[in-house]
Amino acid sequence: MAAFDELQKHYHQRDLAARQWKKEGGKVVGYFCDNVPEEFILAAGLFPLRLSGDPWGDAERAGPYSEQGNVFSREGFVASMLHMILNGKYDFLDYLIIPHARDSIHRLYTTLINLKETESALKLPELYYLDNLHTNFYSAGIYNRDRWLALKKQLEEWIGKEITNERLSQAIAVTNESKRLLKELADLRVADPSLVAGVDALQIIGSSMFMPKKEHNKLLKEYLAGAGHLPVRNGARLFIEGSPLDNLQLYEIIESCRATVVAEDNCWGNRNFDVPIDMSADPVDAVIDRYNNKAPCSRMYPLSCRVEYCLRSALESEAQGVIFSIYRFDEIQAWETPDEIKAFKENGIPALYLKDQPYLITEPEALKTNIEEFVQGI
Amino acid sequence: MSEQSGDKQLRITNEVRAYQREWIEKTRQRVSEGEPFAICNGDDCEEILNVMDIPVIVINYWHAIITTKRMADYYLDILRERDYPATVFSMGLAVTMDNKPDMAPWGGLPKPSIIIGGARQDTEMRIMELWAREYGCTFWPMEFALWHGVERVPPPGWFERVRDHWDELVDPYKLDYRVQDHEKLIRYLEVSTGKKFSMAKLTEAMELVNKQMDYWRMARDLIAKTSPCPASLRDQLSMYQVMWHRGTPQGRDFLKAYYEEVKERVETGTAACPDEKIRLMWVNALGTPPRWGKWAEEKYGAVCVTHNYMGIAVDCYARTIKNNDPLRTLAARYMLLFWTTPDWIAAQAKHSNCQAIVMVAGRGTIAAYEKTGVPLAAIPSERDDEATRAALSDFIETRLLS
């Protein structure tokens with residue numbers, strides 16, 4: 001399918017659209033994680049680009065800043081992103097928004113602000129730290145609201161004009177359309193039999209963070225229009241829980257074992273788009289409400305919100321088994337896993353726990369054998 | 001760990017240890033009579049609990065006790081058996097999961113009525129939440145924590161400004177919310193325990209903290225200018241447990257006694273290591289003496305005379321109350337205690353007449369410290385093994401003795 005080929009191209013050449021945008025005189029805003037309101041960036045007329053790492057790439061430039069504790073934990077994922085910033089891979093960024101997400105992302109910010117002071121020759125984008133709290137209480141919502149409003153103001157300073165409600169409503173319409181289309185994709189995955197491979201789904205979802213949303217929506221519509229011709233997929237239906245997956249390695253191995261990943265709880269997968277924005281409310285309030293109430297990442301309190309979300313997502317996907325894949329040093333994800341496995345056991349769903357996984361899978365055969373055994377047991 | 005004979009050990013350290021045992025027994029008795037007891041992380045709310053007469057154990061201290069009793073490996077295995085990450089910060093949870101008071105240090109802790117956890121690290125709130133679940137007690141999530149989202153580059157010489165100019169080093173909008181975070185906790189504690197909070201008592205506690213840290217500074221300064229060093233690093237670090245009673249008359253009195261004993265040693269010429277030839281500063285995260293200390297003393301006369309924890313005590317805890325608002329002053333300290341910057345560590349090393357700083361470090365840290373003018377001995381790990389000794393020997397022989 002031509003549409004899928006185009007989406008796939010942008011998944012693999014993640015800076016392609018942003019560099020083109022820049023070449024045409026636009027400005028690019030890089031960001032980490034899934035809690036930076038891209039609607040504000042779009043409404044400002046800027047290009048939002050979510051930064052990712054490269055498991056096959058080097059992380060050498062991050063080395064000197066990774067030595068005390070597990071500074072860039074999660075086994076290479078964050079170190080890879082820092083390396084790419086320092087070696088010029090993201091040298092086209094005008095601005096970089098770093099949210100208060102996990103510790104490793106915060107440390108990435110402090111490393112960069114220190115480098116800005118000490119290494120003036122280093123070309124770094126203008127940095128913006130987006131603080132937020134990690135509970136879902138009303139008081140946290142008030143604090144987070146102020147931080148998001150401050151971000152909006154900063155964007156207005158960067159572009160030299162106000163972000164109007166009209167522009168914001170238009171941006172929301174575009175991202176909601178994206179979320180709706182991606183939900184249709186999710187429905188094709190959970191259909192019985194499933195119609196979309198997890199490997200393909202990850203690329204389609206991921207490319208929405210690397211290319212203009214309107215263009216992505218157009219291509220995704222074309223892809224969905226042809227979904228009636230997609231071949232059915234047989235084999236075990238699996239749900240994936242765990243560390244951020246910004247690449248295809250794990251899904252490729254899983255889906256070579258007569259299995260299909262029908263859904264996941266991951267900020268590079270379904271969790272990225274599963275809560276739309278209320279179009280009937282004031283647009284600023286609606287964006288803020290969405291980011292306050294979106295699907296929780298593992299850093300959030302309480303544990304029950306994580307376990308319930310994970311279990312519900314898996315049950316809705318009618319998965320026959322769950323694979324937990326946790327990067328080495330991704331402790332916050334590892335702390336919730338025993339409760340989640342227990343919840344699955346109580347619901348009669350078997351789970352495979354892959355601990356201490358590397359960012360770059362260097363022994364795929366051993367992993368495949370492990371997964372094959374699990375799939376055969378389902 | 002460096003061994004020391006009885007006559008070299010400071011008397012006050014034994015008094016502190018005895019007091020700690022007495023304190024836990026008294027606390028156990030109070031809890032059995034229905035009084036509240038709390039567990040929290042260090043620098044999250046201890047003064048508030050002390051002011052409200054709610055006994056509290058700080059998780060860092062409890063973990064230090066577990067480690068000192070050589071129980072760490074046992075409890076880390078308890079976590080592994082349950083598929084949890086085996087980390088030092090979760091050892092207290094493991095003691096509770098294991099539920100074997102006969103095995104546990106101090107016979108275990110009394111059942112807390114509340115466990116308070118913040119968002120200082122990814123895992124803190126989760127571990128404390130699970131710990132409260134294990135005990136069947138209330139978990140209170142603090143939305144802010146020490147170093148909450150630090151956004152700025154530490155200004156040079158920040159450590160000389162933090163006592164009197166702390167308001168210039170924290171973000172006011174965060175401080176507003178941090179104060180509210182404490183007010184919510186105070187209100188909950190008042191409702192759930194019937195105990196009252198008093199601003200006057202907090203002011204008194206803050207002044208006691210300042211006095212305690214002043215005694216610490218006076219002792220540190222005596223140690224810094226006296227060679228051979230009058231107090232072993234082990235004894236100096238042992239005094240750190242008084243930190244968990246800061247803001248109380250007892251905390252102040254212990255530090256006063258510590259200062260007086262150090263002064264007495266200086267006057268009588270008593271040395272912890274009489275053969276001192278080289279003075280070193282030891283830096284590590286856990287506040288424990290170097291395991292290779294005795295070897296370095298015997299082979300080179302190289303003595304670790306100070307530690308970064310001494311700098312934390314002396315430079316970072318005292319605060320001048322501003323605008324007659326002790327809670328806001330305290331909240332600011334709970335937001336920013338220190339930055340581990342090379343200029344601060346080097347200033348401590350220079351103050352103590354150290355010829356070098358020793359720490360586990362890689363090339364980025366080495367480069368940053370070399371700029372301070374104090375040589376850095378980078379060792380590969382904290383273990384007392386061949387690799388560590390080889391690195392130290394090489395450094396001492398080529399950088400300090402040549």
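Start in chain A: select α1, residues 2-12, and α8, residues 198-207. How do these two helices lie to each other? Their axes come within 8 Å and cross at roughly 70°, so α1(A) and α8(A) are roughly perpendicular to each other (65 to 115 degrees counts as that, under 35 as roughly parallel, over 145 as roughly antiparallel, the rest as oblique). Axes here are lines fitted to C-alpha atoms, for helices over the stretch in contact, with angles from 0 to 180 degrees between N-to-C directions. Helices are DSSP runs of H or I with at least four residues, strands are E runs of at least two, and both are numbered from the N terminus.

Before moving on: this is a predicted model, where local features need pLDDT of at least 70 and side-chain atom pairs 80 or more, while totals for chains, interfaces and linings use all residues. Residues are numbered from 1 along each chain as its sequence is written, and chains are lettered from A and ligands numbered from 1 in the order written.

Now show the side chains at the crossing. On α1(A), pick A:F4, A:L7, A:Q8, A:H10 and A:Y11; on α8(A), pick A:D200, A:Q203, A:I204, A:G206 and A:S207. They make the contact (C-beta atoms, placed from the backbone, within 7 Å).

Next, hop to chain B and find the open sheet of 4 strands, ordered β6-β5-β7-β8 with parallel pairing (a pair needs at least two DSSP bridges). Its edge strands are β6 (302-307) and β8 (376-379), each pairing on one side only. From one strand to the next, the twist averages 35°.

Last stop: select β5 (278-282) and β7 (356-360) of chain B, which run parallel and are joined by 3 bridges. Zoom in on B:M281, which stands opposite B:I357 in β7(B).

Notes: Contact = placed C-beta atoms within 7 Å.
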